Amino acid sequence: MQPYDPQPIEARWQAWWKSHQTFHCPNPGEPGFDASKPKYYVLDMFPYPSGAGLHVGHPIGYLGTDIVARRKRMEGFNVLHPMGYDAFGLPAEQYAIQTGQHPAETTAQNIATFRGQMERLGLSFDWSREFATSDVDYYRWTQWIFARLYDRGLAYQTEVPVWWCEALKTVLANEEVIGGRSERGDHPCVRRPLKQWMLKITAYADRLIEDLEGLDWPESVKAMQREWIGRSEGAEVRFPIAGGKGEALSIFTTRPDTLFGATFMVVAPEHPLLDRLVTPEQKTKVDAYVAEAAVKSDLERTDLAKDKSGVFTGGYCLNPAFDPADERARLPVFVADYVLISYGTGAIMAVPGQDQRDWDFAKAYDLPIVRTVQPPADFDGEAFTGDGPAMNSGFLDGLGVAEAKARMIAWLAEQGLGEARVTYRLRDWLFSRQRYWGEPFPVLHRPDGSHQRVRDEDLPVALPHMTQFAPPDDGSPPLSKATDWLAVHDPVSGETLQRDTDTMPGWAGSCWYYLRFMDPHNGSAPFSQEAVRYWNQVDLYVGGAEHAVLHLLYARFWHKVLFDEGLVPTKEPFQRLFNQGMLQGFAYKDATGRLIPVDEVDGEAEPPVLKASGEPVERIVAKISKSLKNVVNPDDVCQRYGVDTFRLYEMFMGPLADSKPWNDRDVPGPRRFLERFWRLFVDPDSSDRLRPNLLEASQGAAVGESLELEKQFHRCLQRVNDSFEHFNFNTAVAAFMEFVNVATKSVGALRRDQAERLVCAIAPFAPHVAEELWSRLGHPPSVCFAPWPQVEASYLVDEDFELVVQIMGKVRARARAPQGANQDELAALARASIEDRLEGKQIVKTIVVPGKLVNFVVR
């Protein structure tokens, strides 16, 4: 028998797909487009092309979408399944600074590595649509879309406190700073004011919340987006500064009903009125506290688990709920880092009786606590956050929370002390970076400090070629060194204008790439209306849960702007979202909890031990990383076992949504399965012929063993179909394995029509072996467009079933009973099966459970 040898098979069919452009999907109006077919757009969150290439964890989502795309083609869909690269960003620029190699060269090399690896995995991407966000033909249109934002007043410049990393010479986003240090390189960072481009995403906050309702997304992701946007309804209240000249500290609260319970106030370290509140006696303490807060991230500052810290400013405000002469009106003002300048007004009124955070702070600083909502009689906690009648609240006493809120807001408005307000945790999007490797802003600055955008016909604003990428010592952006590029003559005014020297963040290109994939070679528009009306929106979008908030929120924002421009037909870009789990590796830790790289451990020992000392260590599941030396290259696995084995193993490990560990020891299992699968088809007495039972077309209906195989196949196919609902492809692989085990026992009974449908069913999962066997069965390539087999429900139901026979509740026999037998027939069949056990006994009662059992009660 010819053994299963995957390497030549896989190389042959990958070459065939490439030369025949098997997975190219033409657009409407292009040659080969079939308007009779429905469309399906399946998209992966495209990768950043790092120098290390793919490890075994990266392709798991790509394999999932590939399986879906391949099945959809077989079901008669026009399938758009593209791939590209999110290529701008700081890593390539830092590498350029270190080595002198231009980021464009590094990026091109990395992309070639990624593409080669993905092609070797048999991924059915339409490579004719490939692009990188750093391609000038692409970022020309990123700039064009920015111009639409600019024209709508959604892009503006302002001075904001930002994280500045002196070592990287750039502004970093909050999520890129951990403990006051850069996530990349672990460099110290400080807060400093800097003029930045901002995008007014807050103008779309309500729509970003409301339009989540119609999306087929995980509820957890929807909840994270709502939480990030953080819509809050309440009131803005003004607290006059004691001894001030009409100055007031404004706060936003969702609980205006608790105003009578405010016993102190807190301002953020960055609050503009802090200097006005600080007394000379407290200035040294306050300045030191503010400096300490400046190196903390927002996440660290608002960590609910940390002890609340703060410093008394020495100043006071007056609670507008009381007469200014009333001692209860005088509220001490603290500065504390858990209050953020970016949320609300950057100041809060503290009501410790109704807020646990304020309770903790009040206890720590010995401040008064006044309850304003009556807790239940059995309440034994600290701050009470539930509903109840108002107390200690003057004209609000006795009202429920909702009614008290409305009454207080009305009173504040009547008195000119406040008004109803909606606020958001979401802040406008900081959109500037002081670095080279990014999209230049299509903006020109006039000598008077104003600016204008570059005309559409003058786009793109191409990055100038540079050889020195490090920012100047004064911290200005690298593009400020491109003096020939900076100056632009304005033919209208005759002035010399200056280009903007900032670049866009890495998020920019990924905000709209799904649209460019619809029409990637369009030179006159980002995409044609014909293309976007046909492809409409992404039907299935797959990527990691780490992008649950920022990328998805930013892309939705840009899409809504384009919708308002009349450029896209849908309000949302991604109809269905699926988050694949993370593939993990193994590592080791010692008794102190220190993680040990795998190459320092003898993993064959039991228990594993350090090679150097013999000290026992514990094997654990950990993130795949270079530092732990547990990176596995998929090329190595495919070379040893075959691509189809790799594909099946990654799907067999568990549901696509789950995180799971890679284990080299389990890879041979799918390889052995494929060898058994191969032997179902190939004649053991020939080097390349099919088995004799598969040479001729099947005649008539299946009978005997072939009929049993037919039933088993339909059960297998049903499980395969079911696996697509939640992408639990491990159950599909298990179903194939079980069927092959059954078919192997009756290999001569396998009919040709059954073999053909089996090849079609496994084709999305193991496409190379499927193509080879489809060809050997005499069909022209490609199995990719063969019809998907259909389940016939009649084969899922057995003609009979196993009837359990009991005496006094104990199982005494089992018998085959025909489906549909009535109770009398089942009782007679059961009695006949245990006639000898009933001798000498009187049957008092016969209990029949149709379809399951018969129980005889005897004496």
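Predicted model: local features only at pLDDT ≥ 70, side-chain atom pairs only at ≥ 80, totals over all residues.
Biologist: Which residues of helix 25 are buried?

Modeller: An α-helix has 3.6 residues a turn, so residues three or four places apart point the same way. In helix 25, which spans residues 823-833, the buried residues are Leu826, Ala827 and Ala830. Their arc around the axis is only 100°, which puts them on the same side of helix 25. Asp824 and Ala832 are exposed on the other side.

Biologist: What covers the buried residues of helix 25?

Modeller: The cover includes strand 28 (800-807) and strand 29 (810-818), along with strand 30 (843-849) and strand 31 (853-858).

Biologist: What is found at the start of helix 25?

Modeller: There, Asn822 has a side-chain oxygen within 3.2 Å of the backbone nitrogen of Asp824.

Biologist: At what angle do helix 19 and helix 22 pack?

Modeller: Angles of 65 to 115 degrees count as roughly perpendicular and those over 145 as roughly antiparallel. Helix 19 (residues 643-652) packs on helix 22 (residues 729-745) at about 120°, and their axes are 7 Å apart. The two helices are therefore oblique to each other. Leu648, Met651 and Phe652 of helix 19 meet Phe729, Asn730, Val733, Ala734 and Met737 of helix 22. By class, this contact has 7 nonpolar residues, 1 polar and no charged ones.

Biologist: How is helix 19 placed against helix 24?

Modeller: The angle with helix 24 (residues 767-776) is about 125°, with the axes 7 Å apart. That makes helix 19 oblique to helix 24. Val643, Asp644 and Arg647 of helix 19 make the contact with Pro767, His768 and Val769 of helix 24. Its classes are 3 nonpolar, 1 polar and 2 charged residues.

Key
Residues numbered from 1 in each chain as written. Heavy atoms only, no water. Buried < 20%, exposed > 50% of the residue type's maximum accessible area, 1.4 Å probe, protein only. Helix = DSSP H or I, 4+ residues; strand = E, 2+ residues; numbered from the N terminus. Arc of directions from axis to C-beta. Contact = heavy atoms within 4.5 Å. Polar contact = N/O pair within 3.5 Å; in protein donor to acceptor, adjacent residues only side chain to side chain. Axes fitted to C-alpha atoms, helices over the stretch in contact; angles between N-to-C directions. Parallel < 35°, antiparallel > 145°, perpendicular 65-115°, else oblique. Nonpolar A, V, L, I, M, F, W, Y, C, P; charged D, E, K, R; others polar.
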